[in-house]
Amino acid sequence: MIYATLFLSFFQIGLFSFGGGYAAMPLIQHQVIDLHHWLTVKEFSDLVTISQMTPGPIAINAATFVGLRIGGPLGAAAATIGCVFPSCVIVTIIAYFYMKYRHMDMLQKVLNTLRPAVIALIAAAGLTIIVSAFWGEDQPITLQGANWTMIVLFAVCLFLMLKKKMNPIAVMVLAGVLRTIQGLLM
């Protein structure tokens with residue numbers, strides 16, 4: 001039964017997540033944290049990190065990770081297939097109709113209308129991760145309760161990537177090293 005639940009949960013995610021992996025994060029969060037309680041908010045943050053560090057699309061990596069954790073290798077297969085299947089069907093259908101009707105103004109207007117919704121989904125996922133990193137799970141958001149080490153580390157990483165144009169992989173490695181050093185000193 002767990003395999004069917006994993007398949008259907010990630011089928012829904014695959015069916016309704018437009019805009020890529022980051023846009024799927026709120027949907028994944030709803031399924032794995034809120035609905036099924038498979039992961040905690042902290043574990044979800046770890047899932048996002050692992051999904052970004054491993055090759056491949058984030059939503060598929062997340063499906064594989066959750067499926068493996070909940071149902072072993074068969075669970076990973078069920079969740080991953082559930083996540084991918086709707087996309088394969090939808091892309092095939094869309095490709096057919098797009099090639100047939102790509103010059104229609106209404107189609108271009110619909111595609112332009114979807115962009116703000118995708119940006120909102122990505123922003124919601126990012127805010128969830130930031131709140132979890134800076135304040136932890138179920139903590140009130142106050143200045144006293146903030147994890148200032150993480151806030152400073154975030155600011156340094158943001159500065160290095162945006163102003164110094166440092167490679168994101170190098171920034172991730174540096175952040176990991178700095179956090180490890182900080183953990184050893186505390």
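A: Lys165 counts as exposed because its relative accessibility is 66%, where exposed means over 50% relative accessible area, buried means under 20% and partly exposed lies in between, all with a 1.4 Å probe and protein chains only. This is a predicted model, in which local features need pLDDT of at least 70 and side-chain atom pairs count only at pLDDT 80 or more, whereas totals for chains, interfaces and linings use all residues. Residues are numbered from 1 along each chain as its sequence is written, and side-chain values use heavy atoms, with hydrogens and water left out.

The backbone at Lys165 has a positive phi, near 55°, in a residue other than glycine. Lys165 sits in the loop between α6 and α7, the latter covering residues 168-185; helices here are DSSP runs of H or I with at least four residues, strands are runs of E with at least two, and both are numbered from the N terminus.

On the α5 side the contact is made by Ile130, Ala133 and Phe134, and on the α6 side by Met150, Ile151 and Phe154, a contact being heavy atoms within 4.5 Å. These residues divide into six nonpolar, no polar and no charged; Ala, Val, Leu, Ile, Met, Phe, Trp, Tyr, Cys and Pro count as nonpolar, Asp, Glu, Lys and Arg as charged, and the others, Gly among them, as polar.

In the UniProt record, an unreviewed entry, the annotation "transmembrane region" covers residues 74-97, 117-135 and 141-162; the positions are given in the numbering used here, feature names are shortened, and annotations may be inferred rather than shown by experiment. Residues 141-162 are 68% helix and 0% strand, with end C-alpha atoms 26 Å apart, while residues 74-97 are 100% helix and 0% strand, and their end C-alpha atoms lie 35 Å apart.

Elsewhere in the chain, the largest nonpolar core holds 21 residues, and those with the most contacts inside this core are Phe10, Met25, Ile28, Val32, Phe44, Leu47 and Val66. Such a core is a set of buried Ala, Val, Leu, Ile, Met, Phe, Trp, Tyr and Cys residues joined through side-chain atoms within 4.5 Å. At least two of its residues come from each of α1 (2-16), α2 (21-35), α3 (41-53) and α4 (58-101), and α4 gives the most, with seven residues. Apart from this core lies another, of five residues, among them Leu153, Leu160, Val171 and Ala175.

Ala24, in helix α2, is buried with a relative accessible area of 0%; beyond its neighbours within four places in sequence, Ala24 touches Ile13, Ser17 and Ala59. The C-alpha atoms of Ala24 and Ile122 are 7.9 Å apart in space, although 98 residues separate the two in sequence. Ser9, in helix α1, counts as buried at 3% relative accessibility, and with neighbours within four places set aside, Ser9 is in contact with Gln31, His36 and Trp38.

Over the whole chain, the secondary structure comes to seven helices and zero strands. Buried residues make up 28% of the 186 residues, and the C-alpha atoms fill a box of roughly 60 × 45 × 30 Å along the principal axes. Of the contacts with a separation of 6 or more, 52% join residues 24 or more positions apart.
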